[in-house]
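Subject: Structure handover

Hello,

Here is the structure I promised. Please open it first, then read my notes below.

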Amino acid sequence: MLESLIAFLLSVTESMGYLGIYFYMVMVGTFVPVPSELVLVPAGYLASQDKMSYPLLLLSGSLGSLSGALINYFFAKLIIKKILSHKVTFIDKVTNFFNAHGKISVFVAPLTPGLGQYISLPAGLSHMPFRYFIPFTYAANIIWVGFMLAVGYMFGSSEGDAHGA
């Protein structure tokens, strides 16, 4: 049963290709609750088997996640702010928080499972400057995507060692 599930995930991930992984990670970067591990760990495994390129996976995954975060950012900046325009005190609190802790928040949150995709909403609501939002968010995404790919890569590498022993 477990072997067939793993085979299915590997097959789906490989058939998605880099563009599919990009768009999957766009969803991960928004508030759609899909786990990045579902695709990134199998993709790392495939990279260890020379079926996919680790650098291209890192690029497509991290850019996809950043793109999703930008969708959330603009959604909050353009739509949520209008909806909450009567809640000036709330918007002021969020803005004050982001003025004081925004940079570290957008860097650490994407490294926290279940929290990362939501941090771009208050960042957009507070109009956090792009010169901070994009590099800090992208750096965190590279770390997260790279780590998940590395986990899959290690599984693939250790499997090869087990068969060779």
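Why does Asp-50 count as exposed? Because its relative accessibility is 71%; exposed means over 50% relative accessible area, buried under 20%, and partly exposed in between (1.4 Å probe, protein chains only).

This is a predicted model: local features need pLDDT of at least 70, side-chain atom pairs count only at pLDDT 80 or more, and totals for chains, interfaces and linings use all residues. Residues are numbered from 1 along each chain as its sequence is written, and side-chain values use heavy atoms, with hydrogens and water left out.

Two loops

Asp-50 sits in the loop between helix 2 (37–48) and helix 3. Helices are DSSP runs (H or I, at least four residues), numbered from the N terminus. The phi of Asp-50 is positive, near 60°, and the residue is not a glycine. His-127 also has a positive phi, of about 60°. His-127 lies in the loop between helix 5 (120–125) and helix 6 (130–164). His-127 counts as partly exposed because its relative accessibility is 37%. Most residues other than glycine have a negative phi.

Helix 3 covers residues 54–83. Helix 3 bends by about 40° at Ala-76. A bend is the angle between axes fitted to the seven residues ending at a residue and the seven starting there. Ala-76 is among the buried residues of helix 3, as are Leu-57, Gly-61 and Tyr-73. Helix 4 (residues 88–108) bends by about 80° at His-101. Its buried residues include Ile-91, Phe-98 and Val-106.

Best wishes

Technical notes: The expected span of a helix is 1.5 Å times one less than its number of residues.
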